[in-house]
Amino acid sequence: MVDDYLSFIDFAPTILEAAGISEEQSGMQPIQGRSLTGIFSSSKNGLVDKKRDHLIFGQERHDVGRPGDAG
Amino acid sequence: MCSIPNTEDKRIYMQKIVLKSIIAITPLALLSCSGKVSDRPNILIAMGDDISWPHMSAYGCSFVSTPGFDRVAGEGILFNNAYTPNAKSAPSRACFLTGRNSWQLEEAGNHVPFFPQKYSSFMESLKMHGYNTGFTAKGWAPGVATDSAGKPRQLTGKAYNTQKTAPPASGISNIDYAGNFDDFLDQREPGKPFCFWYGSSEPHRRYEFGSGVAKGGKKLTSIEKVFSFWPDNDTVRNDILD
């Protein structure tokens, strides 16, 4: 079990790195996530990468999700 | 664990995000190297639709059995803190495919949007760099993704959906996921690695009412606790088991 915090945006850079494709070669808009390959190659449990002890994300209120389109 | 959130609104909101985080765990755990045709790995993504992490037996749930997921968790990595920046179908998949947050994706941050042409997916990039790419069932959806000529884009590769099966209850997809993956493997170009997206339609509703008890052999009393944001009654308990 790994306790590192990760976000969905971390998968694209992980997969590109595994496939040997640099961000420049990818043709994609700048990637905001961070690759998880360091965790993949580690056999540790718990917090593997000490920097991954938190996660910040946000949600714009244009995406309605509450009754009455309350935001 | 099968823990339930407390009743504070804020906490419930956060928990709902966590509930969607199971999606993050499955593909990561299934990301694996196999059958090397080159030094580049084959990649299989298994994406569930509306799975709640407390309902996976790898996390300690006693009334739902998820042996496939548990095996991958046991042989791979099981994450305790995996989050989606946006807990909805199309925008969460857009974040996954682009490596960008909702507020960095323009219309793709919405539900049922037009996917902006400027944002490429990693699966489009993999295809461009010599990967066989494909998907079965639910890829990026719901929404419209077309190129500048109005032609549909393949954000998750080519669709493989012709193989059908008889589902055990109505509301469960009749798409034969494994059979379509076989088709993809049979039809792929030799000498190239692959990336395949298995996008399950389950456990997203609709459900056949009572099928969990009648066909799945489940008991209403086996559910330890119902999430506090739902009423705890037979209708809801059946719904969970269906």
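Two residues are in contact here if their C-beta atoms, placed from the backbone, lie within 7 Å. Keep that cut-off in mind for the whole tour. The model is predicted.

**Stop 1: chain A alone**

Select chain A. Count three helices and one strand. From the N terminus on, the order is β-α-α-α. Chain A has 71 residues, and 27% of them count as buried. Now look at its contacts between residues at least 6 apart in sequence: 50% join residues at least 24 apart.

**Stop 2: where the chains meet**

Show chain B as well. The contact takes 34 residues from chain A and 41 residues from chain B. On the side of chain A that touches chain B, strand E1 (2–7) and helix H1 (11–18) each supply at least two residues. Colour that side of chain A by class: 20 residues are nonpolar, 10 polar and four charged.

**Stop 3: a strand from each chain**

Select E1(A), then strand E2 of chain B, residues 79–83. Four bridges join these two strands, which run parallel. Which residue of E2(B) is the bridge partner of Val2(A)? Pick Phe79(B) to see it.

**Stop 4: helix H1 of chain A**

Move on to H1(A). Six of its eight residues are buried, so the helix is largely enclosed by the rest of the structure. Click through the buried ones: Phe11(A), Ala12(A), Pro13(A), Thr14(A), Ile15(A) and Leu16(A). Then step just past the helix to Gly20(A), which takes a positive phi of about 75°.

**Stop 5: the largest nonpolar core**

In soluble globular proteins, nonpolar side chains tend to be buried together. The largest nonpolar core here has 40 residues. Which of them touch the most other members? Select Ala94(B), Leu97(B) and Phe122(B). H1 of chain A supplies at least two residues of this core. So does each of these elements of chain B: strand E1 (43–47), helix H4 (89–98), helix H5 (122–128), strand E3 (132–137), helix H6 (177–187) and strand E5 (194–199).

Stay on Ala94(B). Leaving aside neighbours within four places in sequence, Ala94(B) is in contact with Leu105(B), Ala108(B), Phe115(B) and Trp140(B).

**Stop 6: a strand pair in chain B**

Finish with E1(B). Is this strand mostly covered or mostly uncovered? It is mostly covered, with four of its five residues buried. Five bridges join E1(B) to E5(B), and the two run parallel. For one of the bridges, select Met47(B) and its partner in E5(B), Gly199(B).

Terms used:
Residues are numbered from 1 along each chain as its sequence is written. Chains are lettered from A and ligands numbered from 1 in the order in which they are written. This is a predicted model: local features need pLDDT of at least 70, side-chain atom pairs count only at pLDDT 80 or more; totals for chains, interfaces and linings use all residues. Ala, Val, Leu, Ile, Met, Phe, Trp, Tyr, Cys and Pro count as nonpolar, Asp, Glu, Lys and Arg as charged, and the others, Gly among them, as polar. Two strands pair if DSSP finds at least two bridges between them. A residue is buried if 20 or more other C-beta atoms lie within 10 Å of its own, exposed if 12 or fewer, and partly exposed in between; C-beta atoms are placed from the backbone. A nonpolar core is a set of buried Ala, Val, Leu, Ile, Met, Phe, Trp, Tyr and Cys residues joined through C-beta atoms within 7 Å.
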